[in-house]
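Q: Hi, could you walk me through a structure? I'll ask as we go.

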Amino acid sequence: MLKVTLKDNIEKEKNNTVYEVPNGTVIKDFLEEVYGDKSFVAAKVNGKLLELPNEITKASVIEPVERNSAIGYDMYKRSLVMLFLAAYSSVYGECRNPEVQHSLGNAYYISIGRTVSGDEVKKIKEKMLSMVKSDLVIEKKVKTKKEAEEYFEEQGWNEKARLLHFRRTATINLYNIGDFSDYFYGYMVPSTGYLDDFDLKSYSEGILLIMPGRKDFDKKDIVYKVPEKLFVTLDKSENWGKLQNVSFVADLNQMIVDKRQHDMILMQEALMEKQMADIAEMIVAGNKKVILVAGPSSSGKTTFSQRLSIELRARGIRPHAVSLDNFFLERAETRIKENGEYDFESFETMDMKLFESHMEKLLGGETVDMPRFDFNVGMKKYEGNYLKLEKDDVIIAEGIHALNPAMTRSLPRESRFNIYISALTQINIDAHNRIATSDVRLLRRLIRDDRTRGNDPAKTIRMWEDVQKGERENIFPYQEQCDVMFNSSLIYELPAIKIYAEPLLYKINEDAEEFYEAKRLLKFLDYILGMDISLVPSNSILREFVGGGCFGI
């Protein structure tokens with residue numbers, strides 16, 4: 001018998017309870033016996049993350065991983081994709097058409113290449129529900145690289161087979177549900193019975209695989225509305241990739257092997273330059289006076305605003321940059337979070353009355369003294385930074401709350417132009433494994449925070465969940481209210497930032513809480529070949545993160 005300490009921070013009154021279990025007890029069986037449900041999808045055993053089919057072979061401290069945790073939710077979504085693909089394969093007899101392309105809120109858009117009827121969606125969903133009810137084992141099998149390559153070619157998954165050419169490992173882990181087998185980047189739940197919360201909907205030329213929000217499991221209905229503007233932007237970016245013959249990581253790697261990365265960079269930057277020019281033309285044509293730029297962390301808002309300013313100046317318009325960071329409430333009025341830290345991300349932190357007042361006066365032709373927020377003392381300072389808008393002047397106001405209607409409710413709608421910017425990755429590892437846009441932004445932030453603030457990479461990762469929580473509450477709900485959505489992701493970006501990100505991730509010790517996330521990101525970067533950063537132009541948005549830019553950021 002082995003002693004197992006259950007480290008439970010999940011408010012189920014079992015915190016640090018000690019059990020005795022037979023040597024070889026499966027983690028899944030132990031947790032199901034203790035809790036009586038399938039709300040846990042993995043476990044940390046002596047600090048190491050393990051899948052539930054693993055056995056307990058020594059005295060251990062076990063911390064269950066819930067499906068609504070950051071790690072658990074990723075596992076749930078990844079496993080749900082496999083369930084969909086297995087059901088699709090069962091219904092249609094093959095699975096070469098579905099391509100998991102975009103994340104649209106709490107849904108994945110899976111392209112089929114044609115309109116899918118309601119009856120077809122119903123048939124796939126019924127098959128998925130049947131598989132959930134049967135609680136089929138999701139089994140991991142180790143294959144040699146050659147065996148996996150042959151299997152992928154046989155299935156018509158050529159991009160998966162080509163990707164293996166760039167892998168250095170001798171073996172590949174495949175997961176099976178019955179006769180269906182596939183490769184997935186990351187851990188999976190142990191069986192289909194864990195995947196009981198989802199919905200399907202026909203959309204465009206494919207299907208939406210809809211999941212509950214991370215904190216919305218077990219609610220009666222999944223409430224979901226398609227973010228139409230986000231889909232159009234992602235679809236446009238997907239087409240940009242196809243224009244350059246780069247849809248998957250294997251395509252990107254081949255461009256680097258063939259020494260064609262310079263052309264790829266020039267074309268991507270040209271496409272981005274044209275989009276910025278088009279936005280400037282829209283602003284001028286609409287005679288807009290207040291341009292509001294919002295987006296999640298590490299989207300490149302600062303460089304975008306600088307480059308848009310240049311486009312406007314080239315058209316006879318004089319822009320004035322205004323950072324919403326200078327319109328925080330005084331520190332004494334700032335809300336404090338449950339952990340005792342100041343909440344700098346909530347909307348209630350903003351001095352919106354002052355911002356609205358200043359914008360109204362500027363639009364009315366008055367002169368105002370613009371504040372500068374001193375973060376050291378937690379107060380706004382007025383240092384004679386006077387501003388008055390002339391006939392051809394505009395304001396470019398940038399900040400995470402810029403698109404919140406409450407921020408500008410007193411300003412005439414016709415005077416405003418709303419821009420939402422985010423790094424929306426347009427390539428994926430393969431047809432069934434996405435590259436999360438949040439992963440790209442996290443890598444950007446790791447590099448920038450190390451370069452400009454000297455932040456420890458573990459600290460940046462530790463803060464990331466709070467950052468994302470703030471984005472879900474304060475930014476994403478307003479993204480569809482934009483006039484233009486701008487994708488700041490660059491198709492050549494990952495090979496360029498790989499050489500900066502890997503050393504930072506390797507600095508995180510194995511016993512650190514952030515080690516699993518570092519390991520996951522390192523595994524993901526291992527698929528990608530590095531690239532010479534000197535080829536990246538000095539005005540590129542990427543320079544905001546890696547340095548060497550012409551805007552002094």
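Q: What volume does the second largest pocket have?
A: About 660 Å³. A pocket here is an open set of points on a 1 Å grid over the protein atoms alone, where a 1.4 Å probe fits, with protein on both sides within 12 Å along at least five of seven lines. The volume is the space filled by probe spheres set on the points, which are joined across faces, edges and corners.

Q: Before we go on, what should I know about the model?
A: The model is predicted, so local features need pLDDT of at least 70 and side-chain atom pairs pLDDT 80 or more, while totals for chains, interfaces and linings use all residues. Residues are numbered from 1 along each chain as its sequence is written, and side-chain values use heavy atoms, leaving out hydrogens and water.

Q: Thanks! How many residues line the second largest pocket?
A: There are 25, and Lys-48, Leu-49, Tyr-187, Tyr-516 and Lys-519 lie nearest its centre. Lining residues have an atom within 4 Å of a point.

Q: Which element gives the most to that lining?
A: α14, with five residues. Helices (H or I, at least four residues) and strands (E, at least two) are DSSP runs numbered from the N terminus.

Q: Switching topic: in what order do β10, β11 and β12 sit in their sheet?
A: The order is β10-β11-β12, in an open antiparallel sheet; strands pair if DSSP finds at least two bridges between them.

Q: And how many bridges join β11 to β12?
A: Four. Tyr-175, for instance, has Asp-182 in β12 as its bridge partner.
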